[in-house]
Amino acid sequence: MNTESFPDAIVRARALALHFDDGETQALDGVDIAIRAGEFVAVVGPSGCGKSSLLNIIGTLEAPTTGEVFFRAQPYGGIRDPSLFRRQHIGFIFQSFNLIPTLNALDNVVVATIGVPGAGSDQVARARELLEKLGLRDRMAHFPNKMSGGERQRVAIARALINTPDLILADEPTGSLDSANSAAVLTLLTDIQKERGLTLIMATHDPSVSARADRIIHMRDGKIALPQDPAP
Ligand SMILES: Nc1ncnc2c1ncn2[C@@H]1O[C@H](COP(=O)(O)OP(=O)(O)OP(=O)(O)O)[C@@H](O)[C@H]1O
Ligand SMILES: [Mg+2]
């Protein structure tokens with residue numbers, strides 16, 4: 001794909017490679033992408049094809065072995081404080097939730113606002129509001145080990161949204177949810193996408209999720225693939 005083709009791209013990546021085990025594992029192998037601001041993009045492909053690797057690099061959690069990434073015009077190499085950059089611009093919904101076990105649901109959401117300029121005392125109210133919208137009104141004081149997988153996943157979604165990010169990176173965000181909760185989470189995310197021009201990049205195995213995306217990026221063996229590419 002021509003990565004110059006979207007002048008309004010929020011994320012642009014060129015020739016990304018991510019190698020492990022001295023190059024033996026090529027999690028990513030020459031990926032070019034451009035994501036438009038406000039777009040909902042689903043990233044699909046078989047287990048191990050590189051979806052999480054791509055999201056982790058876009059989220060500045062992992063540095064590519066080679067290649068370049070830009071957030072708007074900003075090259076990732078020039079970001080001085082990646083942790084602050086993430087909290088200001090990116091909401092991450094991890095495949096494994098990554099909740100803090102010693103904090104209850106409400107505090108797991110509020111903790112994401114620490115150190116973010118402009119995050120005031122209303123963050124607790126906002127966290128409550130988000131958790132209520134996600135159907136967790138009665139779970140705010142619960143600790144992660146006292147919640148179901150689906151409840152933990154929804155706490156992780158509230159945490160990703162609390163700082164009103166420009167970009168949500170979601171790795172199988174509905175993987176632990178039943179169809180009713182999965183639909184509610186998708187509706188919440190797509191409502192915010194439309195209201196605020198939020199950009200959503202979501203790795204998913206669920207065809208009912210990718211069907212709601214503006215665009216689907218297919219991956220195979222660390223590369224962008226065409227949808228009709230046959231399975232190996
Ligand atoms: N830290 C690591 N060390 C070695 N290999 C890794 C590491 N992380 C990922 N890999 C490998 O890189 C490849 C891509 O992994 P990745 O997690 O990006 O796949 P995925 O598409 O997200 O899969 P899934 O659908 O199962 O979540 C896999 O072969 C995986 O085993
Ligand atoms: Mg993955």
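This is a predicted model: local features need pLDDT of at least 70, side-chain atom pairs count only at pLDDT 80 or more; totals for chains, interfaces and linings use all residues.
Helices are DSSP runs of H or I with at least four residues, strands are E runs of at least two, and both are numbered from the N terminus.

Next I looked up who touches whom (contact means heavy atoms within 4.5 Å). From α5 come Arg154, Ile157 and Leu161, meeting Asn181, Val185, Leu188, Leu189 and Ile192 of α6.

Then I turned to ligand 1. It has 14 residues around it, and Ser47, Gly48, Lys51, Ser52 and Ser53 come nearest; a residue counts as near if one of its heavy atoms lies within 4 Å. α1 (51–58) and β2 (25–36) each supply at least two residues of this shell, and α1 gives the most, with 3 residues.

I also checked distances to oxygen atoms of ligand 1. A polar side-chain atom of lysine 51 lies 2.7 Å from one. For serine 52, a polar side-chain atom lies 2.8 Å from an oxygen atom, and for glycine 48 a backbone N or O atom lies 2.8 Å from one.

A note on conventions: residues are numbered from 1 along each chain as its sequence is written, and chains are lettered from A and ligands numbered from 1 in the order written. Local features need pLDDT of at least 70, side-chain atom pairs count only at pLDDT 80 or more, totals for chains, interfaces and linings use all residues, and side-chain values use heavy atoms, leaving out hydrogens and water.

How values were computed:
A polar contact is a pair of N or O atoms within 3.5 Å; within protein, one must be able to donate a hydrogen and the other to accept it, and residues adjacent in sequence count only if both atoms are side-chain atoms.
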